[in-house]
Amino acid sequence: MDPNLLDTVTGLPKRGHLWSVLDDILIQIKRQETYCGVLLVNIDNMGEISILVGEGNINDFLTLIAARLNKCLWDMDTAVRFDEHQFVIIANSIKRPENIHVVMKKVQEYLTIECEIDGQQINPSITVGITLLPYDSCEVEEIIANANVALQMALANSEVSYYYYNQELGQRIEEREDVKNSILSTLANESFILQLQPKIAVKTGEVRGIEALVRMKDVDGNILPPNDFIPIAESSNLILKIGEWVLEECCALSIEWQNLGINLPISINISDVQLKNSASLLALLHKLSARKDAKPHNIILEISENIISGGETLVSALLTEIKNYGYQVSIDGFGSGFSSLSVLKNLKVDEIKIDRNFLSDVPEDDKSTAIFKSIIMLGQSMDFRVVVMGVEHQAQSDLLKEYGCDEFQGFLISEPLERNKFLEWFKTYQNSH
Ligand code: C2E
Ligand code: MG
């Protein structure tokens, strides 16, 4: 870069360079359909620091801040010296709007680390105004003005250290952050909850197994369904820890039940993210299968149909390994994905679970009923055990008998129940069947 464009103190591009960087980025994000975050970073206690280290040494402090920015940002990002005590960061190629929060947190963490200048301990305090492109604006002047509006809002509120220009986005990010923090504390306290839903034999009505479904309590003690936290856990890889907990817990439960004479297979939902991290999943499964009294055949791993279409050879190798350890495998949400039948045919699968969406108009709607029947027949013709999800009405259950389906789950028999309640329900149900 032309040395005239660089700030002599920090070596960062000068304010004047910002406009051309933003121009280039606006063209780029249009082409690549990515986002770009613009962060206006204010050093709040610059006056104090100046007095502490003396005017002569303030440049050392600014150089240190610039070095920290260069260290924590990626090569494709740009940091600009904007003002005496302000920097602008342009975080490029953001794939999801939420990721800008990660950049902001990293910048805040790095810049506020205590430092020593000329023998004086300094604790920099910073506030950040954030705007997201092309979300908030595509006009260079407006982008900078928006970042400044956000910064002023943050400075006016002593309880916050950053502010999003787009409040709706900010709120969404805050909510995700809250859920992430709840997941982290629930993991730390090992206080996730498992609810168990019975799987029923269509022909005899006996209980054939259970599905374990994870729940989380929020700070107010409300129980959150998985759809409220699993997608966030998946996007932040926290699902790996949750999945580990669920597997450990279910394997322990399986052994405990066997010792009580209850021989029910337990179905466990395995996230696509866990499957993609196959080495750690396999290591855990291997460890659990080697435990005293473990019967991996009584553990059914439910994988989503979508993952199969992603990479046939990898999934096939993974399933072979899982089956070698003795576990059963089920394809969850069968019929809703895009797996090709030729792929499914060659996979080592024991069971398919038909998505409950296929049942919604059954038996009232003829076309839906025909589709539903053909999916059951397809599963049967491939020699899979066929399980139907979400059975709510007797008429649906009657139809399953007619179609020769193997098992079902649904509110008709029981909602998912916590462990003790499930055992009570199980005893009563067994006595009446
Ligand atoms: P899924 O595996 O398809 O789970 C079945 C869902 O159907 C459960 O919702 C269950 O409560 C619900 N359900 C069962 N019977 C009926 C019925 O008759 N009618 C209706 N309307 N719904 C019924 P839930 O517990 O909210 O779970 C949602 C999804 O979250 C699960 O879908 C699964 O994909 C995921 N999930 C749950 N637990 C775990 C877990 O431990 N790990 C992972 N990775 N995902 C999990
Ligand atoms: Mg499932």
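Modeller: Start with pairing: two strands pair if DSSP finds at least two bridges between them. The strands (E, at least two residues) and helices (H or I, at least four) are themselves DSSP runs, numbered from the N terminus. This is a predicted model, in which local features need pLDDT of at least 70 and side-chain atom pairs count only at pLDDT 80 or more, while totals for chains, interfaces and linings use all residues. Residues are numbered from 1 along each chain as its sequence is written, and chains are lettered from A and ligands numbered from 1 in the order in which they are written.

Colleague: Which order do the strands of the open sheet of five follow?

Modeller: The order is S2-S3-S1-S6-S7, and the pairing is mixed. Strand S2 (78-81) and strand S7 (162-164) are the edges; each has a single partner strand, so one side of each lacks a neighbour in the sheet. On average, neighbouring strands are turned by 20° against each other, direction ignored; the axes behind such angles are lines fitted to C-alpha atoms, for helices over the stretch in contact, and angles between N-to-C directions run from 0 to 180 degrees.

Colleague: How many bridges join S1 to S6, and do they run parallel or antiparallel?

Modeller: Eight bridges join S1 to S6, and the two run antiparallel. Strand S1 (residues 35-43) is also antiparallel to strand S3 (residues 86-94), with seven bridges. Leu-40 shows both pairings: its bridge partner is Val-88 in S3 and Gly-129 in S6. Gly-129 in turn has Tyr-163 as its bridge partner in S7, where three bridges join S6 to S7 in parallel.

Colleague: Which helices pack on the sheet?

Modeller: Packing is read from contacts, meaning C-beta atoms, placed from the backbone, within 7 Å of each other. Helix H4 (residues 99-111) touches S1, S3, strand S6 (126-133) and S7, and its direction makes about 160° with that of S6. Helix H5 (residues 140-156) touches S1, S6 and S7, at about 140° to the direction of S6.

Colleague: Why is S6 described as largely enclosed?

Modeller: A residue is buried if 20 or more other C-beta atoms lie within 10 Å of its own, exposed if 12 or fewer, and partly exposed in between. Eight of the eight residues of S6 are buried, so the rest of the structure largely encloses the strand. One side carries Ile-126, Val-128, Ile-130 and Leu-132, the other Thr-127, Gly-129, Thr-131 and Leu-133. Across the protein, buried residues make up 35% of the 433.

Colleague: What does Leu-169 count as by that rule?

Modeller: Leu-169 counts as partly exposed, because it has 19 C-beta neighbours inside 10 Å. It sits in helix H6 (residues 167-188). Beyond its neighbours within four places in sequence, its contacts are Pro-97, Leu-132, Tyr-135 and Tyr-164. The C-alpha atoms of Leu-169 and Glu-98 are 8.2 Å apart, with the two residues 71 places apart along the chain.

Colleague: What surrounds ligand 1?

Modeller: A residue is near a molecule if its C-beta atom, placed from the backbone, lies within 6 Å of it. By that rule 21 residues surround ligand 1, the closest being Val-214, Pro-226, Ser-271, Gly-410 and Phe-411. Strand S9 (207-217) and helix H8 (239-259) each supply at least two residues of this shell.

Colleague: What are the dimensions of the protein along its principal axes?

Modeller: The C-alpha trace spans about 85 × 45 × 40 Å.

Methods:
Contact = placed C-beta atoms within 7 Å.
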